[in-house]
Amino acid sequence: MTSFLDPLIAFISVHPWLAYLALFLAALLEAIPVVGALVPGSTIILALSALVPGGELALWGVLAAAIAGAVLGDGSAFWAGHRSQREILGAWPMSNYPAVMAQSETFFQRWGTLAVLFARFVPPIRAFVPVTAGALGMPPVRFYSVNIAAVVAWALAHVLPGVFAVSALHHYAGLPHHQHVGKHLWILAVLAAAIIALGVWTLRRRQARGLRPGAGPT
């Protein structure tokens, strides 16, 4: 794995704009209904944040790319719901995910405006609450006033842990930035956590299907 990461880190240090573009697209696509449930945007952002302390990427650039992508993605989903109203909630491709749509609508009805804030940190409904908010008639000014604050908090929560962790490994564990060891450890830890989370989510989904009335053995 490290033999793969070293060339990747070297490539990013020469072409940082590609990393910023990847961060922007990761945050954007993660905010799109249905697509956002499949794109590992948070994993990409968490992993690439390890390249900030060593100077391969700039902190302001990583934050700006993540914030811009998330705001654009959430805003696009919100306006799609705002224009179509409740019809969009039952339209394709949302119609293929009735359980998630129902969960998103229940989440929004329970928390109201705060649902836009909380949902930013709750996958997979993060990708469905903005369109639900628009479809249920949330005023645009209210949506953006909460959404932008939520996105900024979300970006900081996804970028700063990697920055602090790799910096701590550099200063206190004797793992200098130029050797990439600290970056490897953080990136591998993020990937491992993502794989475990995916496995747990898949297992719970299969168990939930098995518990449905009339569901046969799998």
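Q: What covers the buried residues of H5?
A: The cover includes helix H6 (114-119) and helix H7 (129-135). Covering here goes by contact, meaning heavy atoms within 4.5 Å. Helices are DSSP runs (H or I, at least four residues), numbered from the N terminus. Buried means under 20% relative accessible area, exposed over 50%, and partly exposed in between (1.4 Å probe, protein chains only).

Q: What kind of model is this, and how are residues numbered?
A: It is a predicted model, where local features need pLDDT of at least 70 and side-chain atom pairs count only at pLDDT 80 or more, while totals for chains, interfaces and linings use all residues. Residues are numbered from 1 along each chain as its sequence is written, and side-chain values use heavy atoms, with hydrogens and water left out.

Q: Back to H5. Which of its residues are buried?
A: Val100, Met101, Ser104, Glu105, Phe107 and Phe108. These sit on the same side of H5, because they cover an arc of only 160° around the axis. The arc is taken from the directions from the helix axis to the C-beta atoms.

Q: And what is on the face turned away from that side?
A: That face of H5 carries the exposed residues Pro98, Ala99, Gln109 and Arg110.

Q: Which residue pairs with glutamate 105?
A: Arginine 86, through a salt bridge between the side chains (2.8 Å, N to O). Arginine 86 is in the loop between H4 and H5 and glutamate 105 is in H5, so the pair ties together parts 19 residues apart in sequence. A salt bridge needs a side-chain nitrogen of Lys or Arg within 4 Å of a carboxyl oxygen of Asp or Glu.

Q: Are those two buried or exposed?
A: Arginine 86 is partly exposed at 47% relative accessibility, whereas glutamate 105 is buried at 17%.

Q: How many salt bridges are there?
A: The count is four. Another one joins the side chains of arginine 126 and glutamate 30 (3.2 Å, N to O). Arginine 126 lies in the loop between H6 and H7 and glutamate 30 in helix H2, 96 residues apart.

Q: New topic: what does serine 42 touch?
A: Not counting residues up to four places away in sequence, serine 42 touches Glu30, Arg126, Trp154 and His158. Its side chain makes a polar contact with that of histidine 158 (3.1 Å). A polar contact is a pair of N or O atoms within 3.5 Å; within protein, one must be able to donate a hydrogen and the other to accept it, and residues adjacent in sequence count only if both atoms are side-chain atoms.

Conventions:
Helices (H or I, at least four residues) and strands (E, at least two) are DSSP runs, numbered from the N terminus.
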